[in-house]
Amino acid sequence: MTVGTVSLAEFLEQARTEVDDGLERWLPRPPDSPQIIAEAMRYSVFAGGKRLRPVLTLAAADAVARQAAGAQAAVEQPFRSGATQVSHALPAACAIELIHTYSLIHDDLPAMDNDTLRRGRPTLHVVYGEGIAILAGDGLHAAAFSLIAREPVVADPTIVARKLRVIAAVAEAAGPDGMVGGQAIDLQAAGQAPGHAATLDAEGVRAMHSRKTGALIRASAVSGAIMAGAADDLVEAIDRYAADIGLAFQIVDDILDIEGDPASLGKTAGKDAASAKPTYPAIFGLARSRALAAECLRRAHSALEGAGITNSLLGGIADWVVTRKS
Ligand code: GRG
């Protein structure tokens, strides 16, 4: 697909470059932070993630900018100077990638999922030890909020108010109501919370994933929309779109854990089944899981259409999440 003069592939490439440059620029470094913690954070941040969440943030900002410009593809090249709505969303995009990376570092720890392979490389605690891995996660978490509060450096009260809204949305998504809460339920379901085991039915699995992975994916898109100045009804439509993307992402992740090639997955495959985790394929079977992901995709597209977002990169990103080809 092409939006204005930009194809989805070009957008993904440009967005990832912008995000990597932003992360490079804004990650804590010596002498402000000790060498070891700066190095450990970078090891995981630059380990080759897909950058799905920051890409969503930037694509949502771009969609809002295009709509505000009267759907005339006035923002032909989202990352050229002048597309301020998109550049204002970049710090939030990078901050969310820092939070995502922290969650993966902590998830891989022996006390949680106990994994030794992530993004095709040894996990952080394998290389630096558990203590430094915990601290690197903590450091990324704090650095993320410091980044949104600080950047973009503008005195305009409208932008400052948007930053505050984004901080609230991201904190809610990352915290006990969102990702941390979902991970806690996951630990209970996996029998890793002594005396507090829980058995999840289909609705319980959906609710766990909506917190654990869905909330941050929603916050990613919502943050881009807010930073680009979207009206509340547009933010809500983008939120509905992202909720379905998040669910589809999780269902596909569960399917890939069974069918995926370990080399391209970059993580240990077959772990869900080995640890008897409640997953979509375990509950619904593979065929129904694929159908459920397709339903999510349809709903995501119709949320966009309902909001009049007909020519945006968000539609292509939805398809990408389900097909996971790049
Ligand atoms: C430790 C508080 C805390 C939370 C951890 C997100 C999470 C909660 C755990 C990750 C477990 C997991 C593998 C979930 C499946 C979906 C998922 C988040 C996959 C990894 O995200 P990708 O595919 O990873 O976007 P990359 O490496 O591309 O960034």
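In which helix do Tyr280 and Phe284 both lie, and how many residues apart are they? Both are in helix 13 (residues 280-306), 4 residues apart, which is about one turn of the helix. Helices here are DSSP runs of H or I with at least four residues, numbered from the N terminus.

The model is predicted: local features need pLDDT of at least 70, side-chain atom pairs count only at pLDDT 80 or more, and totals for chains, interfaces and linings use all residues. Residues are numbered from 1 along each chain as its sequence is written, and side-chain values use heavy atoms, with hydrogens and water left out.

**Aromatic pairs**

The structure holds 2 aromatic pairs. Rings of Phe, Tyr and Trp (its six-membered ring) pair if their centres lie within 6.5 Å; planes under 30 degrees apart count as stacked, over 60 as edge-to-face and the rest as tilted. The pair of Tyr43 and Tyr128 is edge-to-face, because the ring centres are 6.1 Å apart and the planes stand at 70°. Tyr43 belongs to helix 2 (residues 35-45) and Tyr128 to helix 5 (residues 124-128), so this pair ties together parts 85 residues apart in sequence. Tyr280 and Phe284 form a stacked pair, with 5.8 Å from centre to centre and 20° between the planes.

The table gives the relative accessible area of each partner; buried means under 20%, exposed over 50%, and partly exposed in between (1.4 Å probe, protein chains only).

| Residue | Relative accessible area | Class |
|---|---|---|
| Tyr43 | 17% | buried |
| Tyr128 | 21% | partly exposed |
| Tyr280 | 5% | buried |
| Phe284 | 33% | partly exposed |

**Nonpolar cores**

A nonpolar core is a set of buried Ala, Val, Leu, Ile, Met, Phe, Trp, Tyr and Cys residues joined through side-chain atoms within 4.5 Å. The largest one has 81 residues, and Phe11, Leu58, Ile99, Ile238, Tyr241, Leu314 and Ile317 touch the most other members. Helix 4 (residues 84-107) gives the most to this core, 12 residues. Another core, of 12 residues, lies apart from it and includes Val205 and Met208.

**The ligand**

Around the ligand are 19 residues, of which Lys50, Arg53, His100, Arg119 and Asp253 come nearest; a residue counts as near if one of its heavy atoms lies within 4 Å. Helix 4 provides the largest share of this shell, 6 residues. A ligand oxygen atom is 2.5 Å from an N or O atom in the side chain of Lys50.

How values were computed. Helices (H or I, at least four residues) and strands (E, at least two) are DSSP runs, numbered from the N terminus. A polar contact is a pair of N or O atoms within 3.5 Å; within protein, one must be able to donate a hydrogen and the other to accept it, and residues adjacent in sequence count only if both atoms are side-chain atoms.
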